[in-house]
Amino acid sequence: MRRVGSWAAVAAVAAALVSFPYWTAAWESSRYATTVLRDMLVFATFALSLNLLVGYAGMPSLGHAAYFGAGAYAAGIAGQRLATDQLHVTMGAAVLVAGVLALLIGALVVRSSGIFFLMLTLAFAQMVFAIAFQWTEVTGGSNGFPGVRRPSIGELDLSAPDRVFMLVATVFLLVTWLLWRISRSTYGRALIGVRENERRMRALGYDTTRLRLSAFVLAGALAGVAGALAAYSARFVSPSDAGIGTSVTAFVMVLIGGAGTLLGPILGAGIVLYIERVLSSSIPYAQTVLGLLFIGFVLLARQGIIGLARRALALATR
Amino acid sequence: MGGSSGGAALEVRDLRREFGGIKALDGVTFAVGPGERRGVIGPNGAGKTTLFNVLTGEVRPTGGSVRLRGEDVTGRPTWQLARRGLARMYQRNELFEPLETRANVALAIGARRGPYRPLTAAPAVELEAADLLLGQVGLAGRERTPARSLSHGERRQLELAVALAASPQVLLLDEPTAGMSPAETARIADLIASLDRTLTILIVEHDVDVVFRLADRISVLHEGRVIADGTAEEIRGDVRVNEVYLGKAVRA
């Protein structure tokens, strides 16, 4: 019964999320709230993909925006070059390009770990950024790539803002569900095993290099999905989408929320975007607030908000 | 079978490993038959740990060969050796610290099946098998305890359970009783003695009483070479072994 109840609760929350633009339509700020929430969900999807690496497999990538950016450009460029707005084509291109890019870079970096892994992922992401910045004929170079076509599924046109929101919310929920299943699966357990003790995993017969590579490619492909959503949302791709700033933002989201948890990156994305978008218009130094918050979590609460909540819960129930 | 391997479970020939100018292994040769329990003793720095690291593929030999159940596996990566039936109990526990003891063992059991099932949880039979194994090593009732919360003795028991969980044919035990109380030592020695006799065991141990009790034959390593090889009686009576190791061990 409890299972049925919690499923019903999840379904209710999911339905409320997807239909947000409709039940808030009467609000004065509905349009604005929908836009902010949409971008939160895009970044939550991106942060979730990074969390698979940082939180589960123990691979702190500082270049995850490369795959986000690759997905965004791929969705935009595929729509333009193939003259289509079909979701399966542009989203498929995003997943394919981001996944293949992650496979190529991953093959070179997954054998390293710790600070070397951090630096190598950053270096390769800077190369991707440089390509986006300089390959003007294809990417638009420093001007960015304007006029990304919003998608359709068959005859169903998703270009209206409310429908883009519904698409973003649905994809976000699917990615969350996928990562929830992975976190409980034998595959997710094996990634945690690699994070906790790679030597023992090898001694047990796991090809840990392949495991790490598989996580890198999966996380890259999902970042590509988030990138496509970002491109649909903004109808524009900027080289900075593939830049270090975007990588760091996602990393901060994961750490503030709580690495290695499912809800953490989602909360982290919500908080960071709230500070950047909403708070910054009402208080000065919003970025400083964000920086201090980040330092505070790194120094005092490594497990992020989810870790704090768990500790509070443990104290309360003791 | 056939040829020189003669059906040995584990055979090393002229195994060499140098670190800088130091010969950690200087031509080690021995063969362990199926089901045999072989003790490896020797003073500190004799090359015991290097030998184990080479056998598990964690350190590449600079020369010589390793055959596992007749197959030349020299230089193969660790995970492939594990797939071929080799398991190791580490001297310093290599556990998944935040995970429950049962999850530690289940990861070892699941290795045979492979990890690429992103949507399915660990089968219930594997968790049951993990709990059963935990009971065998004396950790019944501790199934849901994180590895890091166990006592030192319990951690050694879990380390053994993880090594056994992969159902190995050849088991390397690196100082199984290290840091244990006499009572814990006796318990884990009983446990090792009770393991299936088809299992081939190589055991490095400083507690010579434990080695003499468990091993069918003993190889004595000294300065990277096997200086004696024989039954417990033969080793006890060996003048050279007493000179470099046992004599000192008794006096110490």
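Visitor: Which charged end sits over the ring of Phe212(B)?
Guide: In this predicted model, that is the charged end of Arg236(B), which lies 3.9 Å from the centre of the ring.

Visitor: And what sits over the ring of Phe117(A)?
Guide: The charged end of Arg212(A) takes that place, 5.9 Å from the ring centre.

Visitor: Let us turn to ring pairs. How many aromatic pairs does the structure hold?
Guide: Over all chains there are 12 aromatic pairs. One of them joins Trp7(A) and Trp180(A).

Visitor: Why is that pair edge-to-face?
Guide: The planes of Trp7(A) and Trp180(A) stand at 85°, so the pair is edge-to-face; the ring centres are 6.1 Å apart. The cut-off for this label is an angle over 60 degrees.

Visitor: Where do Trp7(A) and Trp180(A) lie?
Guide: Trp7(A) belongs to helix 1 (residues 2–18) of chain A and Trp180(A) to helix 8 (residues 161–184) of chain A, so the pair ties together parts 173 residues apart in sequence.

Visitor: What about Phe117(A) and Phe216(A), which also form an aromatic pair?
Guide: Their pair is edge-to-face, with 6.1 Å from centre to centre and 85° between the planes. Phe117(A) is in helix 6 (residues 114–134) of chain A, and Phe216(A) is in helix 11 (residues 208–234) of chain A, 99 residues apart.

Visitor: Is Phe117(A) buried or exposed?
Guide: Phe117(A) counts as buried because its relative accessibility is 1%. Phe216(A), at 1%, also counts as buried. Trp7(A), in contrast, counts as partly exposed at 43% relative accessibility.

Visitor: Which residues do ring pairs link into a cluster?
Guide: Phe20(A), Trp23(A), Trp27(A) and Phe165(A) are linked in this way.

Methods. Residues are numbered from 1 along each chain as its sequence is written. Chains are lettered from A and ligands numbered from 1 in the order in which they are written. This is a predicted model: local features need pLDDT of at least 70, side-chain atom pairs count only at pLDDT 80 or more; totals for chains, interfaces and linings use all residues. Side-chain values use heavy atoms; hydrogens and water are left out. Rings of Phe, Tyr and Trp (its six-membered ring) pair if their centres lie within 6.5 Å; planes under 30 degrees apart count as stacked, over 60 as edge-to-face and the rest as tilted. Helices (H or I, at least four residues) and strands (E, at least two) are DSSP runs, numbered from the N terminus. Buried means under 20% relative accessible area, exposed over 50%, partly exposed in between (1.4 Å probe, protein chains only). A charge sits over a ring if NZ of Lys or CZ of Arg is within 6 Å of the ring centre and within 35 degrees of the ring normal.
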